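Please look at the structure shown below with its ligand in mind. The briefing that follows takes up the ligand's surroundings, then one annotated residue, and then the confidence of the model.

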Amino acid sequence: MKCFHYCKDKTRTRVQRSAPILNYETSLSISNDVSTKNRVVKSSGSVYSPRGIVELYEEKGGKLKVFTYAELRQATNDFARLRKIGEGGFGCVYKGSIKNNINGDDGDLILVAVKKLNRDGFQGHKQWVAEVQFLGVVDHPNLVKLIGYCAVDGERGIQRLLVYEFMPNKSLEDHLFRNSHEALPWKRRLQIMLGAAQGLAYLHEELEAQVIFRDFKTSNILLDEDFNPKLSDFGLAREGPTEGNTHVSTAVMGTNGYAAPDYIETGHLTAKSDVWSFGIVLYEILTGRRSLERNRPKEDQMLLDWVRRHPIDSKKFGFILDPRLESQYSLTDARKIAKLADSCLLKSAKDRPKMSQVVESLKQILQASSEESPSSKSVERVEDEPEELAENSKPAEVSESSKRRLAQLAKLSEHVGGFTKKGFMIMHRAKVS
Ligand SMILES: Nc1ncnc2c1ncn2[C@@H]1O[C@H](COP(=O)(O)OP(=O)(O)OP(=O)(O)O)[C@@H](O)[C@H]1O
Ligand SMILES: [Mg+2]
């Protein structure tokens, strides 16, 4: 996938600061809108004084290793085509190996994923810095680990690279929507939902500075060797509102089909925008269908429109469940998940649950599910509307649906009155593979 960004953000009023430590020559203003404005300054130690990401990065960012370009060329066999494992809006991703000598000894080789920015310009650089800053600060089993980075400004232009721990089981998107991958069993799906929710809850509620992920979607949920989910891609992440503010005013960025409608309409970003995206992903996991599929009949293109015609407490509900699950699921649990998804998708952001509440609900569902004996599983046979079941069995055409998923988010904003288009980040993406 390629991704082009045109920043027309004129809404930013916050203080711009340079990232600490990343003091190479062409360091741009890269604060990712991180600000110390409105923070309550600690004087005696008794006043609450949360630090922002920049301050936290000053303390914790030193753990990141700074690689030379030559080291990463060697690690990836000169960015060989055979080593390429993916491509996204930022650039190509390569599998590589480096010596694990973080403790100073001559360590074993470890596998890494090396992401290489494929274009110059402010936007790519800004995303690269955001990734370094946020991943330099966070530490959680459900967030991908950044091992280090490389920034070179040479005669041949700038090079920006990121080095991550290698995730051998690709992304949730690959497993849900590509028939080349085996279908994920029901239990594993529940565990992935829980792990991803825990990652978001940590970002929203457990850090000194709140982090809003802003691009929660199946391709940004990577799976480790045991299929534990880890969120990746912090290029669009933003620090949450500072003391006394309810939201962050921002250019609208994210991916069509996942961004919360209230955020698209107003540009007001809160943690509840991520909660909406989480609700969408819950339905994608339940149904095996993408949030937006333009090759379907018009009334079925939007996943939410389609699932809402199959009410949770009706018999029709069974039709929406992923046929690749082959009835191995508990319909009772599926209904509970759908209800949880609906609460995340409430129109009013403040009515949506916090991610810690979502985590609790998912834990209860998992607990109840593991206590159920196989014979008590309420697998219901759905006997009417077979043509609709057949329709859900149809594998979505990958390239076509990807194009749709990557359509311009800005287009959505065109239908929104009373908000100037200049305030929006236009994301324009095209599928290349
Ligand atoms: N740490 C990693 N370990 C293993 N594979 C990875 C890792 N990071 C990324 N990949 C692979 O590279 C692919 C591309 O990732 P990338 O985040 O660049 O793009 P994307 O998520 O598909 O699209 P977008 O630009 O919209 O986020 C992923 O789908 C995954 O298969
Ligand atoms: Mg990604």
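**Ligand surroundings and confidence**

Strand E3 gives the most to the shell around ligand 1, contributing three residues. The model is a predicted one, with a mean pLDDT of 78 for the protein and 73% of its residues at 70 or more.

**The shell around ligand 1**

- There are 22 residues around ligand 1, and those that come nearest are Gly-86, Gly-88, Gly-89, Ala-113 and Met-167.
- Two or more residues are given to this shell by each of strand E3 (84–87) and strand E5 (109–117).
- Sorted by class, the shell around ligand 1 is made up of eleven nonpolar, seven polar and four charged residues.
- Both domain 1 (13–32 + 51–165) and domain 2 (172–390) supply the shell around ligand 1, with at least three residues drawn from each.

**Lys-116**

- An unreviewed UniProt entry carries the annotation "binding site" for Lys-116, a residue placed in strand E5.
- Lys-116 counts as buried because it has 20 C-beta neighbours inside 10 Å, and 20 or more is the cut-off for that class.
- Leaving aside residues up to four places away in sequence, Lys-116 touches Phe-79, Gly-91, Cys-92, Tyr-94 and Leu-161.

Methods:
Residues numbered from 1 in each chain as written. Chains lettered and ligands numbered in written order. Predicted model: local features only at pLDDT ≥ 70, side-chain atom pairs only at ≥ 80, totals over all residues. Near = placed C-beta within 6 Å. Helix = DSSP H or I, 4+ residues; strand = E, 2+ residues; numbered from the N terminus. Nonpolar A, V, L, I, M, F, W, Y, C, P; charged D, E, K, R; others polar. Domains from an automatic or database assignment. pLDDT = per-residue confidence, 0-100. UniProt positions renumbered as here; feature names shortened; annotations may be inferred. Buried ≥ 20, exposed ≤ 12 C-beta atoms within 10 Å, placed from the backbone. Contact = placed C-beta atoms within 7 Å.
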